[in-house]
Amino acid sequence: MFTMKKERPKSKQKIDGESFSTSSYTISGYEYTVDFIGNEEGWNGLEPVWNPLLKEVKDHTVFQTFELLRIWWRHFGTQLALFILVIKREGNLLGIAPLQISWVKIWGKSYRQLGFIGSWWEVDRPTFIFPKDTEGCLEATLSFINEHSDCWDLFQIYEQMPDS
């Protein structure tokens, strides 16, 4: 399990539905862009590419499909905020980071926790949808998350395969 905790920001930025501009990063000589999706309309636009991309991921499961996560979100995501990231290299879609922000209490204090969509009760391993260039996608994703660290207090991912 990976958990990152940082000092609470002075302001609580609301991200639900907010659209950040596209962020660009140069990684290993390539131009990567990360697009933020914070609303269901934007998420719905990923339907044609989500499952085909997921099928290219080693050890993918039904718990990561577009349809299952959308159903989960409809029933359990009403108090959460989407934080989906779409990673491209030189304009070509490479990956999707299916993340959400939820509120958690630790020792009586409330924190905004960034983690995988559906990860509360998921019995199977949540994952980043990075079938190719995993290292570049992960570096671009973490750069974006760090750049927008005023949106979250804790970042937690778990149950990741050692080679992922």
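Thr 33 sits in strand S3, which spans residues 30–37; helices (H or I, at least four residues) and strands (E, at least two) are DSSP runs, numbered from the N terminus. The model is predicted, so local features need pLDDT of at least 70 and side-chain atom pairs count only at pLDDT 80 or more, while totals for chains, interfaces and linings use all residues. Residues are numbered from 1 along each chain as its sequence is written, and side-chain values use heavy atoms, with hydrogens and water left out.

- Leaving out residues up to four places away in sequence, Thr 33 touches Thr 22, Ser 23, Ser 24, Val 86, Ile 87 and Lys 88, where contact means heavy atoms within 4.5 Å.
- Tyr 30 is also in strand S3, and its relative accessibility of 38% makes it partly exposed.
- Beyond its neighbours within four places in sequence, Tyr 30 contacts Tyr 25, Arg 89 and Glu 90.
- Tyr 30 and Gly 136 are 106 residues apart along the chain, with 9.0 Å between their C-alpha atoms.

**Strand pairing**

- S3 runs antiparallel to strand S5 (residues 84–89), and six bridges join them; two strands pair if DSSP finds at least two bridges between them.
- Asp 35 has Val 86 in S5 as its bridge partner.
- S5 also pairs with S6, in the antiparallel sense, over five bridges.
- Within that pairing, Leu 85 is opposite Ala 97 in S6.
- The hairpin of S5 and S6 has two residues between the strands, and Glu 90 there takes a positive phi near 50 degrees.

**Helix H3**

- In helix H3 (residues 66–76), the buried residues are Phe 66, Leu 69, Arg 70, Trp 72 and Trp 73.
- These residues fall within an arc of 160 degrees seen down the axis of H3, so they line one face of the helix; the arc is that of the directions from the helix axis to the C-beta atoms.
- Exposed Arg 74 and His 75 are on the face of H3 turned away from its buried side.
- Packed against the buried residues of H3 are helix H1 (40–44), helix H2 (47–55), strand S4 (81–82) and strand S7 (99–106).

**Helix H2**

- The buried residues in H2 include Trp 50, Asn 51, Leu 53 and Leu 54.
- They cover an arc of only 165 degrees around the axis, so they lie on the same side of H2.
- The face turned away from the buried side of H2 carries exposed Pro 48 and Lys 55.
- H1, H3 and strand S6 (92–97) are among the elements that cover the buried residues of H2.

Key: Buried < 20%, exposed > 50% of the residue type's maximum accessible area, 1.4 Å probe, protein only.
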